[in-house]
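Here is a short briefing on one protein chain. Keep the sequence and the model in view while reading.

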Amino acid sequence: MARARQERAEITRQAILDGAATAFDLGGFEGTSLSDVVKHAGVTKGALYFHFPSKEALARTLMDEQFQVSEHLPAVENPGLQTVIDLTHRMAHGLRTDVRIRAGIRLVIEFGSFTHPDPTPYDAWIDTCRSCLTPAQQRGDIHPSLDVQDLSTLLVGAFTGIQVASHVRTRREDLHTRVTDLWNFLLPALVPPQRITHFHPTGTPEAAPPSPTR
């Protein structure tokens, strides 16, 4: 009985997050009310407050989910430059197919741009890039003169701007193409000539996981 209650509670929690994601994706943080979340989630306000005490708690949960894109990194035997390339395409795929990722990224940008900016998500993405690019540089895949921390910061900023511009211009229909352009332009400046054929600016097949089922 207790397990059945826990399962029902988790189903309700996920429905609330899906509803919140839809609402935030459409209206952003300031343009979304808890009534909007309840309407999209198909739950009562009581159920919502049981799981989340506030609109900000919902937003924070969706933003925290963005870190899951790098959860598979410990399983990568030799993370490196191709890992970062694949992560950018994986995120591009998620932005095009998963409303929770879209909402989370919109919230990250909003929370990082207004009265009380929060750099935490950006710093986490930069750290993820650096953890891959440092061993890549040690293996000779990145020019030794480049500062990996600065490069990681540049990549996160570049991807953020590219996905925003793609959203405004084409509703992200061209996002994978624009991300590929980024790598086509950057790789010759980052990688020694004898190593450049080892990398695929379009990403490897693992970069685009199956579309989410929720």
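Predicted model: local features only at pLDDT ≥ 70, side-chain atom pairs only at ≥ 80, totals over all residues.

Residues are numbered from 1 along each chain as its sequence is written, and side-chain values use heavy atoms, with hydrogens and water left out. The protein has nine helices and zero strands. Helices (H or I, at least four residues) and strands (E, at least two) are DSSP runs, numbered from the N terminus.

**Overall fold**

- From the N terminus on, the order of elements is α-α-α-α-α-α-α-α-α.
- Of the 214 residues in the protein, 43% are buried. Buried means under 20% relative accessible area, exposed over 50%, and partly exposed in between (1.4 Å probe, protein chains only).
- Among contacts with a separation of 6 or more, 68% join residues 24 or more positions apart. Contact means heavy atoms within 4.5 Å.

**Helix pair α1 and α2**

- Two packed helices are described by the angle between their axes and the distance between the axes.
- The axes of α1 (residues 2-27) and α2 (residues 34-41) come within 7 Å and cross at roughly 120°. That makes α1 oblique to α2.
- Axes are lines fitted to C-alpha atoms, for helices over the stretch in contact, and angles run from 0 to 180 degrees between N-to-C directions. Angles under 35 degrees count as roughly parallel, over 145 as roughly antiparallel, 65 to 115 as roughly perpendicular and the rest as oblique.
- The crossing of α1 and α2 is right-handed. A crossing is right-handed if the near helix is turned clockwise from the far one by less than a right angle, and left-handed if anticlockwise.
- On the α1 side, the contact uses Ala 15, Ile 16, Gly 19, Ala 20, Thr 22, Ala 23 and Leu 26. On the α2 side, Asp 36, Val 37, His 40 and Ala 41 take part.
- The residues of the contact of α1 with α2 comprise seven nonpolar, three polar and one charged. Ala, Val, Leu, Ile, Met, Phe, Trp, Tyr, Cys and Pro count as nonpolar, Asp, Glu, Lys and Arg as charged, and the others, Gly among them, as polar.

**Helix pair α5 and α8**

- The axes of α5 and α8 come within 12 Å and cross at roughly 25°. The two helices are therefore roughly parallel to each other.
- The crossing of α5 and α8 is right-handed.
- Val 84, Thr 88, Met 91, Ala 92 and Leu 95 of α5 meet Leu 155, Phe 159 and Gln 163 of α8.
- The contact of α5 with α8 has six nonpolar residues, two polar and no charged.

**Helix α6 and Val 108**

- α6 has 13 residues and reaches 18 Å from its first C-alpha to its last, close to the 18 Å expected at 1.5 Å a residue. The expected span of a helix is 1.5 Å times one less than its number of residues.
- The buried residues of α6 include Arg 100, Arg 102 and Glu 110. The buried residues of α6 pack against α1, α4 (55-64), α5, α7 (120-138) and α8.
- Val 108 sits in α6 (residues 99-111). At 1% relative accessibility, Val 108 counts as buried.
- Leaving aside neighbours within four places in sequence, Val 108 is in contact with Met 63, Gln 66, Pro 121, Tyr 122 and Trp 125.
- The C-alpha atoms of Val 108 and Thr 120 are separated by 9.1 Å, and the two residues are 12 residues apart along the chain.

- The 19 residues of α7 should span 27 Å at 1.5 Å a residue, and its end C-alpha atoms are 27 Å apart, which agrees.
- Buried residues in α7 include Trp 125, Cys 129, Cys 132 and Leu 133. The buried residues of α7 pack against α5, α6 and α8.
- In α9 (residues 175-190), Leu 175, Val 179, Thr 180, Leu 182, Trp 183, Leu 186, Leu 187 and Leu 190 are buried. Their cover includes α5 (81-97) and α8 (148-170).

**Positive phi**

- Most residues other than glycine have a negative phi.
- Arg 171 has a positive phi of about 55° although it is not a glycine. Arg 171 lies in the loop between α8 and α9 and is exposed, with a relative accessible area of 63%.
- Arg 172 has a positive phi near 70°. Arg 172 lies in the loop between α8 and α9 and is buried, with a relative accessible area of 7%.
- Gly 140, which follows α7, has a positive phi near 90°.
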